[in-house]
There are 2 protein chains.
Amino acid sequence: MAYDGVETPHGRVDRMLGGAATYISLAASYFTRTRIVAVVGDDFAKEDTDLLEEHGVDLEGLERVAGKTFFWAGKYTPDMNDRETLTTELNVFADFNPKLPHSYRDDSYLLLGNIQPRLQRHVRSQMSKLRLAGGDTMNFWIKDFREELLATIREWDFLLINDAEARMLSGQDNLKKAARAILDMGPHTLVIKRGEFGAMLFRRDSYFIVPGYLLETVFDPTGAGDCFAGGFIGYLAQQGFDLEADHISRGELSRAVIYGSVMGSFCCERFGVERFRTLERAEIDARFEEFRRFTSF
Amino acid sequence: MAYDGVETPHGRVDRMLGGAATYISLAASYFTRTRIVAVVGDDFAKEDTDLLEEHGVDLEGLERVAGKTFFWAGKYTPDMNDRETLTTELNVFADFNPKLPHSYRDDSYLLLGNIQPRLQRHVRSQMSKLRLAGGDTMNFWIKDFREELLATIREWDFLLINDAEARMLSGQDNLKKAARAILDMGPHTLVIKRGEFGAMLFRRDSYFIVPGYLLETVFDPTGAGDCFAGGFIGYLAQQGFDLEADHISRGELSRAVIYGSVMGSFCCERFGVERFRTLERAEIDARFEEFRRFTSF
């Protein structure tokens with residue numbers, strides 16, 4: 001969990017609620033009961049925990065320590081497809097060692113946000129009744145912590161990364177070849193996010209591609225990938241999905257990708273988490289149907 | 001019609017059959033009887049007209065004049081999403097003034113390749129029984145021949161351009177806003193090609209988006225956009241589609257976009273027109289069904 005400073009062609013916010021755990025849990029909260037494990041400093045505002053609680057997010061795993069909350073600031077390019085990091089202050093996140101509350105350990109679904117792979121692995125190892133576990137990573141871990149990362153994702157059911165990360169992890173420029181190489185690393189399922197161009201889901205015997213939702217105004221793409229992840233796992237948890245069971249269905253996974261895309265698209269409509277202050281489940285289902293309309297032939 | 005020299009990460013060909021009319025007519029020939037209007041020089045090889053004739057392309061409108069055929073050479077970037085033009089020799093194309101044979105004038109479907117807008121307009125004006133007419137253009141005409149281009153596309157049913165051209169023509173970065181602005185310029189239907197990211201179709205009351213086909217190896221993207229155009233209009237002509245009639249169907253237009261995407265994807269599998277030497281209609285329909293599988297949810 002973090003505070004972010006963001007500048008886009010539509011405006012600038014110096015400090016607002018952010019962080020992968022925030023976006024993931026808010027997005028997932030529309031589908032299922034969500035519990036987070038994260039760390040914040042003593043500067044973390046009550047109104048920000050209030051927002052999460054209003055969405056039914058269990059904060060027992062939210063650790064508060066002396067110091068300042070992680071802070072990131074960035075500026076987007078005019079076409080919003082790239083961003084420049086202006087500031088990264090790790091603050092209390094530098095010594096983060098995720099502690100899983102006992103009440104979380106029997107949960108069935110786990111989404112590991114982008115942190116040090118060893119820490120992700122440690123969290124995973126404390127959960128014994130998982131039906132579906134996976135997560136995100138980034139270029140830094142792929143490049144400089146490759147062995148730890150490989151040992152970590154070997155135990156995951158799904159990996160959810162963007163196209164540049166998929167290319168870097170696999171050493172393949174072509175995404176079909178990249179996907180095959182990554183599925184050989186352990187996960188049964190790979191989701192590749194392509195920003196405004198949509199998302200792809202790969203399994204060994206099939207794949208699914210969806211274009212991005214066409215927004216008229218992208219206010220702020222910050223958190224869209226995390227909201228995708230939240231929608232994806234949230235929907236699967238709501239369905240009681242079990243990747244290892246007989247009823248593995250490419251159809252369910254595809255619908256999870258659509259719900260992920262829906263949540264990512266809503267995220268971009270306002271700065272930061274603003275859209276989630278008003279978003280209702282009915283709007284989510286309406287946009288899911290809109291995806292059906294503009295992609296079916 | 002042209003000769004092209006192309007270099008991609010997969011190899012290099014110094015001189016091969018190319019040109020928009022070639023790719024469009026070859027792609028369309030799998031769906032309907034195709035007739036071309038184009039100019040070549042006296043260096044144009046018999047084996048190249050043979051290939052077109054084998055595909056049933058009517059060459060009555062192919063003018064041969066003294067001099068050399070248009071020549072273009074270019075080199076693709078490693079990710080194949082961009083290319084650098086190395087040589088453009090207009091040759092006999094410099095004085096091209098398309099002459100429509102009398103036998104073509106009652107045809108129902110017209111696709112105008114990317115040439116001077118005034119010439120496109122002149123061709124269009126000679127056809128009196130059109131059920132569907134449209135075409136392509138490029139940055140050069142959008143920038144330096146804007147008024148002529150606007151007068152030309154005002155009479156078209158559809159415009160088929162890429163995303164950068166749509167942004168330039170409309171002055172809008174956002175493609176949804178760009179599409180609305182372009183539909184105000186005359187065409188009822190706008191198709192935006194996005195290369196590897198697929199294509200979009202816009203009408204005033206609906207839109208359709210399809211992701212690109214995921215090839216394992218893109219040998220040479222040259223002509224893919226023109227093959228898209230050929231598949232698009234070829235399918236509509238085969239269906240006897242009439243945009244002005246009561247049975248205007250977004251579904252038919254969407255399927256035309258899929259057939260366009262299918263033809264564009266086959267084009268990339270070999271250098272130049274090579275893939276069309278062996279391609280069979282059954283492969284086209286099989287790939288159409290593959291599009292259904294990887295996009296439905």
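Of the 297 residues in chain A, 58% are buried. The model is a predicted one. Chain A contains 10 helices and 12 strands. Its radius of gyration is 18 Å, close to the 19 Å that the globule rule gives for 297 residues, so chain A is as compact as a globular protein of that length. The C-alpha trace of chain A spans about 50 × 45 × 35 Å along its principal axes. When contacts in chain A between residues at least 6 apart in sequence are considered, 62% of them join residues at least 24 apart.

Helix 6 of chain A covers residues 163–170, and its residues A:Asp163, A:Glu165, A:Ala166, A:Leu169 and A:Ser170 are buried. Viewed down the helix axis, these buried residues fall within an arc of 160 degrees, so they line one face of helix 6. The elements that cover them include helix 4 (139–144), helix 5 (146–153), strand 9 (158–162), helix 7 (175–183) and strand 10 (189–193) of chain A. The N-terminal end of this helix is capped by A:Asn162. Just after helix 6 of chain A, A:Gly171 adopts a positive phi of about 70 degrees.

In chain B, helix 3 (residues 117–125) has B:Pro117, B:Leu119, B:Gln120 and B:Val123 as its buried residues. They also fall within an arc of 160 degrees when seen down the axis of helix 3, so they line one face of that helix. Their packing partners are strand 7 (109–112), helix 4 (139–144) and helix 5 (146–153) of chain B. At the start of this helix, a side-chain oxygen of B:Gln116 approaches the backbone nitrogen of B:Arg118.

| Side chain | Backbone atom | Distance |
|---|---|---|
| A:Asn162 (oxygen) | A:Ala164 nitrogen | 3.0 Å |
| B:Gln116 (oxygen) | B:Arg118 nitrogen | within 2.7 Å |
| A:Thr295 | A:Phe291 oxygen | 2.7 Å |

**Individual buried residues**

A:Thr295 belongs to helix 10 (residues 281–295) of chain A. With a relative accessibility of 7%, A:Thr295 counts as buried. Its side chain reaches the backbone oxygen of A:Phe291. Apart from neighbours within four places in sequence, A:Thr295 is in contact with A:Pro211 and with B:Phe208, B:Ile209 and B:Phe297 of chain B.

B:Lys176 lies in helix 7 (residues 175–183) of chain B. What is the nearest side chain of opposite charge to B:Lys176? It is that of A:Glu290, 4.8 Å away. Because a salt bridge requires a side-chain nitrogen within 4 Å of a carboxyl oxygen, B:Lys176 has no salt bridge, although this residue is buried. Beyond its neighbours within four places in sequence, B:Lys176 is in contact with A:Leu214 and A:Glu216 of chain A, and with B:Phe202 and B:Tyr207.

B:Phe232 is located in helix 8 (residues 224–238) of chain B. Its relative accessibility is 1%, so B:Phe232 counts as buried. Leaving aside neighbours within four places in sequence, the contacts of B:Phe232 are B:Phe158, B:Leu160, B:Val191, B:Leu201, B:Leu253, B:Ala256, B:Val257 and B:Gly260. B:Phe232 and B:Ile258 are 26 residues apart in sequence, while their C-alpha atoms are 7.8 Å apart in space.

Note on methods:
Residues numbered from 1 in each chain as written. Chains lettered and ligands numbered in written order. Predicted model: local features only at pLDDT ≥ 70, side-chain atom pairs only at ≥ 80, totals over all residues. Heavy atoms only, no water. Helix = DSSP H or I, 4+ residues; strand = E, 2+ residues; numbered from the N terminus. Buried < 20%, exposed > 50% of the residue type's maximum accessible area, 1.4 Å probe, protein only. Lys, Arg positive; Asp, Glu negative; His and termini not counted. Contact = heavy atoms within 4.5 Å. Arc of directions from axis to C-beta. Polar contact = N/O pair within 3.5 Å; in protein donor to acceptor, adjacent residues only side chain to side chain. Rg over C-alpha atoms; globule rule 2.2 N^0.38 Å.
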